[in-house]
Amino acid sequence: MLTATPYRDSREGQEKEDHIREALIKAMVEHQLPPGSKLPEEALADAFGISRTGIRKVLTRLATVQMVNMTPGRGAFVANPTAGESLQIFRTRTLIELANLPDVAQRLQPQDHQELAEVLQLEHQAHHQRDAAAAIRHSAMFHIRLHAVAGNPVISEIVTNLTLRSSLVIAAWGSQWQQGCRDSEHQQLLDAVRDRDLPVLSALMQAHFDNIVQSLDFNGAKKPLPDFRKLFAE
């Protein structure tokens with residue numbers, strides 16, 4: 001059993017909390033922590049070797065971005081979007097990402113294109129190797145980096161949060177082996193933004209989200225709770 005250790009100073013405590021937050025988000029995005037899973041403070045404290053108070057602070061932070069639901073008397077759970085909420089998340093993503101495409105196309109530089117191409121290569125490899133967790137992670141990163149090109153930190157934050165919540169939607173309602181977005185569609189998007197062909201780019205993005213929504217199965221079965229110590233082993 002890991003021993004819970006007190007933080008030596010506020011900076012060390014913040015770094016530890018950031019690490020745990022990123023580890024939990026990664027597990028959610030990669031569908032290792034299914035939507036609706038209970039997040040017991042004692043088990044997580046044991047897995048990460050910190051106090052329950054420290055875990056509670058991290059869970060509260062995740063609740064502020066709607067990745068976690070906290071219910072008095074019941075504890076914390078991975079957010080479990082309903083069918084209606086899931087459709088609203090993708091509808092909102094569609095509106096925001098389409099609206100941001102003109103700025104992305106205008107500001108794209110060769111270095112941006114190269115970095116996005118590298119993400120797509122990693123995503124393609126993950127699909128080829130049937131590594132669902134990596135495919136989902138790189139798929140989300142493509143959208144986040146694409147919209148970061150616009151240079152608008154407010155939009156970037158919104159897209160990042162919605163992309164993370166979308167991963168929960170896919171975990172809850174996606175197919176048995178859900179790889180995230182189709183990497184071929186991402187390649188088409190990258191080609192269109194490189195060419196600064198806004199009509200084609202907008203049409204591709206709309207079709208991209210339509211395809212994701214159509215792939216959701218709102219009668220899907222839920223997954224069992226994982227072993228936290230194995231999941232978060234260093």
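Colleague: Hi! Which exposed residues sit on the face of α5 turned away from its buried side?

Modeller: Pro110 and His128 are the exposed residues carried by that face. Exposed is over 50% relative accessible area, buried is under 20%, and partly exposed is in between, with a 1.4 Å probe and protein chains only. This is a predicted model, where local features need pLDDT of at least 70 and side-chain atom pairs count only at pLDDT 80 or more, while totals for chains, interfaces and linings use all residues. Residues are numbered from 1 along each chain as its sequence is written, and side-chain values use heavy atoms, with hydrogens and water left out.

Colleague: Thanks. And which residues of α5 are buried?

Modeller: Leu116, Val119, Leu120, Glu123, Ala126 and His127. Looking down the axis of α5, these buried residues fall within an arc of 115°, so they line one face of the helix. The arc is taken over the directions from the helix axis to the C-beta atoms.

Colleague: How far does α5 reach from its first C-alpha to its last?

Modeller: Helix α5 covers residues 110-128, 19 residues in total, and reaches 27 Å, close to the 27 Å expected at 1.5 Å a residue. The expected span is 1.5 Å times one less than the number of residues. Helices here are DSSP runs of H or I with at least four residues, strands are runs of E with at least two, and both are numbered from the N terminus.

Colleague: What follows α5?

Modeller: Arg130 does, and its phi is positive, near 55°. Arg130 belongs to the loop between α5 and α6 (132-148) and is exposed, with a relative accessible area of 55%. As background, most residues other than glycine have a negative phi.

Colleague: Where is Arg196, then?

Modeller: Arg196 is in the loop between α8 (183-195) and α9 (198-215). Phi of Arg196 is near 55°, a positive value in a residue other than glycine. Arg196 is partly exposed, at a relative accessible area of 43%.

Colleague: Nice. Now a helix pair: at what angle do the axes of α4 and α7 cross?

Modeller: Roughly 145°, and the axes of α4 (residues 83-107) and α7 (residues 153-173) come within 10 Å. The axes are lines fitted to C-alpha atoms, for helices over the stretch in contact, and angles run from 0 to 180 degrees between N-to-C directions.

Colleague: How do the residues of the contact of α4 with α7 divide?

Modeller: They divide into 11 nonpolar, 5 polar and 4 charged. On the α4 side the contact includes Ile89, Phe90, Arg93 and Ile96, and on the α7 side it includes Ile158, Leu162, Thr163 and Trp173. Ala, Val, Leu, Ile, Met, Phe, Trp, Tyr, Cys and Pro count as nonpolar, Asp, Glu, Lys and Arg as charged, and the others, Gly among them, as polar.

Colleague: What does Thr163 touch?

Modeller: Not counting residues up to four places away in sequence, Thr163 touches Arg93, Ala140, His143 and Ile144. Thr163 is in helix α7 and is buried, with a relative accessible area of 3%.

Colleague: How many residues of α2 are buried?

Modeller: 6 of its 8 residues are buried, and α2 (residues 41-48) is mostly covered. Glu41, Leu44, Ala45, Asp46, Ala47 and Phe48 are the buried residues. Gly49 follows α2, with a positive phi near 70°.

Colleague: And where does His19 lie?

Modeller: In helix α1, residues 10-29. His19 counts as partly exposed, at 36% relative accessibility.

Colleague: Last one: how many helices and strands are in the protein chain?

Modeller: There are 10 helices and 2 strands, running α-α-α-β-β-α-α-α-α-α-α-α from the N terminus on. Of the 234 residues in the protein chain, 45% are buried. Among contacts between residues at least 6 apart in sequence, 77% join residues at least 24 apart.

Notes
Contact = heavy atoms within 4.5 Å.
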